[in-house]
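This report describes selected local features of one protein chain.

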Amino acid sequence: MNEAFQLFDSQNTRGKALDPHALLKAYHLREMKDTHYEMVRAVEKWEAKEPKELRELFNLYLYPIWNWERKIKSKPFTDKDIDVYKGITENSLYTYAKRAGKAMPYFQITESFIAGNDFFEMVSHYLSLLNDIKREIKENTAFEKLNRIIKKGTKKGDEEDNEKSEERGVYRGSGFTYAINLFYCALLYYYDKFHNFDKMAVKKLFLWAFMIRLDMEHLGFDTINKYSIGEENSSYTNNIAMFSKISLARLHNEISGIQIKFSEKEWNNLHNELNEIISGENNDK
């Protein structure tokens, strides 16, 4: 047990700040003090993961979704926020704790889990799930138009030079990156609950996420925060608290049936590409 915390203790002694996910690792290992072999396996799996991947999972996906579902503005995930992921002690007598214990191996992003090994299983699960949904968007021909737009925001090197200067301004930069991440957050939360890639629902989530990019020529995270919790703003074509809506939905077609209003702003080519998706959606009906 002492070996498992050697790094944690030495860095704390030197006053070196640890990433919040590293603090969570130490916390949940302590909860596993009576299961040595499980603890060793958990450490091995954790160490095999890229630190950047772990950091992004919490900072860009899990923590924002946890906040937005509750209609709370999100912020960078820090050591002050780790209580959210400390889970519940295995011997807790709370009713919700007993329910969480019986729910395994099924996780839900915004729901509690049992502290200890389940934390490590949860992290592995959502890293895999995130990769799966990104691969689905990339490889499923039903989402070809969505993937084409996303790819324009992630072009690098010589490929970018082949784009028109106008498109480079539209599809590159932090504003477009925020829209892409917002879409994947919404899709991750949707798939986490309903476990399907209903074509209409996926396209609705994509259109919702990218309409804010049309609405706002200069798009920052503060706007993404307000938009995600459905804050009323006359500048937004859609005022939908999407994460809260997914949370309250009983059936997946409650999401596929959402009406997404189309922005009339035509200051870039993104308008035409999103219009193509809507046209295709109407033809599918």
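Threonine 110 lies in the loop between α5 (95-103) and α6. The model is predicted. With a relative accessibility of 10%, threonine 110 counts as buried, since the cut-off for that class is under 20%. Apart from its neighbours within four places in sequence, threonine 110 is in contact with Ile65, Trp66, Glu69, Arg70 and Tyr189.

Glutamate 69 and arginine 70, both among the contacts of threonine 110, also pair with each other: their side chains form a salt bridge with an N to O distance of 3.2 Å. Glutamate 69 is buried, at 16% relative accessible area, whereas arginine 70 is partly exposed, at 33%.

## Other salt bridges

Side chains of opposite charge can pair when their charged atoms come close. The count for this model comes to twelve salt bridges. One of them joins lysine 86 and aspartate 83, with the closest N and O atoms 3.1 Å apart. Lysine 86 is partly exposed, its relative accessibility being 23%. Aspartate 83 has a relative accessible area of 56% and is exposed, because that value is over 50%.

Another salt bridge links the side chains of aspartate 132 and arginine 135, at 2.6 Å from N to O. The two residues are three apart in helix α6 (residues 117-139), and so aspartate 132 and arginine 135 are separated by about one helical turn. An α-helix has 3.6 residues a turn, so residues three or four places apart point the same way. Aspartate 132 is partly exposed, with a relative accessible area of 34%, and arginine 135 is likewise partly exposed, with 39%.

Salt bridges also occur as a network, which links Arg148, Lys152, Glu273 and Glu276.

## Packing of α2 and α3

Two packed helices are described by the angle between their axes and the distance between the axes. For helix α2 (residues 20-30) and helix α3 (residues 36-47), the axes come within 11 Å and cross at roughly 165°. Angles over 145 degrees count as roughly antiparallel, and α2 and α3 are therefore roughly antiparallel to each other. Their crossing is right-handed.

On the α2 side the contact is made by His21, Lys25 and Leu29, and on the α3 side by Met39, Val43, Trp46 and Glu47. Sorted by class, the contact of α2 with α3 has four nonpolar residues, one polar residue and two charged residues.

Helix α2 is mostly covered, with eight of its eleven residues buried. The buried residues of α2 are Pro20, His21, Leu23, Leu24, Lys25, Ala26, His28 and Leu29. His21, Lys25 and Leu29, the α2 residues that make the contact with α3, are included in that buried set.

## Serine 228 in α12

Serine 228 is placed in helix α12 (residues 221-228). Its relative accessible area is 0%, and serine 228 is buried. When neighbours within four places in sequence are left aside, serine 228 is in contact with Trp68, Leu182, Trp208, Ile240, Ala241, Met242 and Phe243.

Key:
Residues are numbered from 1 along each chain as its sequence is written. This is a predicted model: local features need pLDDT of at least 70, side-chain atom pairs count only at pLDDT 80 or more; totals for chains, interfaces and linings use all residues. Side-chain values use heavy atoms; hydrogens and water are left out. Axes are lines fitted to C-alpha atoms, for helices over the stretch in contact, and angles run from 0 to 180 degrees between N-to-C directions. Helices (H or I, at least four residues) and strands (E, at least two) are DSSP runs, numbered from the N terminus. Angles under 35 degrees count as roughly parallel, over 145 as roughly antiparallel, 65 to 115 as roughly perpendicular and the rest as oblique. A crossing is left-handed if the near helix is turned anticlockwise from the far one by less than a right angle, and right-handed if clockwise. Contact means heavy atoms within 4.5 Å. Ala, Val, Leu, Ile, Met, Phe, Trp, Tyr, Cys and Pro count as nonpolar, Asp, Glu, Lys and Arg as charged, and the others, Gly among them, as polar. A salt bridge is a side-chain nitrogen of Lys or Arg within 4 Å of a carboxyl oxygen of Asp or Glu. Buried means under 20% relative accessible area, exposed over 50%, partly exposed in between (1.4 Å probe, protein chains only).
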